[in-house]
Amino acid sequence: MVAFTIRPATPADAEALCALHKASVRALCLGAYTAEEIEAWLREREPAGFRHAMTKGGETILVAEHDGSVAGFASIKETMLFGLYVDPAGGRGAGGPLLQAAEGEVRRRGAAILSLQSTLNAVPFYRKHGYMRQARSTVRRGGRDLAVLDMVKTLS
Ligand SMILES: CC(C)(COP(=O)(O)OP(=O)(O)OC[C@H]1O[C@@H](n2cnc3c(N)ncnc32)[C@H](O)[C@@H]1OP(=O)(O)O)[C@@H](O)C(=O)NCCC(=O)NCCS
């Protein structure tokens, strides 16, 4: 079982986070979304967006590392999980620890729930971690409406 170290991201991580995000979506979301949907989704993703999210956008990004490499990340803002992505090559298994760390951070800030919009491929993962389905929804990415599922967990 691989052990991952979790730490807060810094702007210096932006390039690695952006590359990992694209690799993760291309490898792990294909099937739930078409290749065309995925490329539309990723078209506007740039490292600058990650830097902005951390420094001005009010997001906290947690990074999972293994052997000095970024294996995955989770992004939270207030009581929302904005993103959770693992490296398809060396990061499988980092999703659970990252989600637990994100829940811990939100709890420390005094919030009682964590909500998210799950990609269709990740729904079984979130169910396993205690998230309840609320409603079907869509997110607008690259001019397309992508189907997602609104989910929420009451943090104990
Ligand atoms: C959803 C996601 C974050 C889950 O992360 P994860 O690390 O894959 O999740 P888990 O920790 O539960 O591990 C998943 C599986 O990989 C297996 N695994 C763990 N370590 C592994 C390793 N070193 N090599 C291969 N598989 C491994 C686990 O046993 C588990 O298998 P199981 O589901 O049969 O039990 C991840 O799949 C992902 O990044 N998906 C694409 C992006 C996405 O859709 N994110 C959600 C946005 S809302």
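# Getting to know this structure

Reader: Let's start with Asp67: is this residue buried or exposed?
Author: The terms rest on relative accessible area, computed with a 1.4 Å probe on protein chains only: buried means under 20%, exposed over 50%, and partly exposed in between. Asp67 has a relative accessibility of 73%, so Asp67 counts as exposed.

Reader: Thanks! What kind of model is this?
Author: Residues are numbered from 1 along each chain as its sequence is written, and side-chain values use heavy atoms, with hydrogens and water left out. Local features need pLDDT of at least 70, side-chain atom pairs count only at pLDDT 80 or more, totals for chains, interfaces and linings use all residues, and the model itself is predicted.

Reader: Where is Asp67 found?
Author: Helices (H or I, at least four residues) and strands (E, at least two) are DSSP runs, numbered from the N terminus. Asp67 has a positive phi of about 55 degrees although it is not a glycine. Its place is the loop between β2 and β3.

Reader: And what is phi of Glu78 near?
Author: Glu78 sits in the loop between β3 and β4. At 62% relative accessibility, Glu78 counts as exposed. Glu78 is a residue other than glycine with a positive phi, near 50 degrees.

Reader: How many salt bridges does the structure hold?
Author: A salt bridge here is a side-chain nitrogen of Lys or Arg within 4 Å of a carboxyl oxygen of Asp or Glu. One of them joins Asp145 and Arg140, at 3.1 Å from N to O. The salt bridges in the structure number 7.

Reader: How many residues apart in sequence are the parts that Arg7 and Glu65 tie together?
Author: The side chains of Arg7 and Glu65 meet in a salt bridge of 3.1 Å, N to O. Arg7 lies in strand β1 (residues 5–8) and Glu65 in strand β2 (residues 60–66), so the distance in sequence between the tied parts is 58 residues.

Reader: Last one: about how much space lies in the largest pocket?
Author: On a 1 Å grid over the protein atoms alone, a pocket is an open set of points where a 1.4 Å probe fits, with protein on both sides within 12 Å along at least five of seven lines, and lining residues have an atom within 4 Å of a point. Grid points are joined across faces, edges and corners, and a volume is the space filled by probe spheres set on the points. The largest pocket is lined by 45 residues, and strand β4 (residues 80–86) gives the most to this lining, with 7 residues. The space in the pocket is about 1100 Å³.
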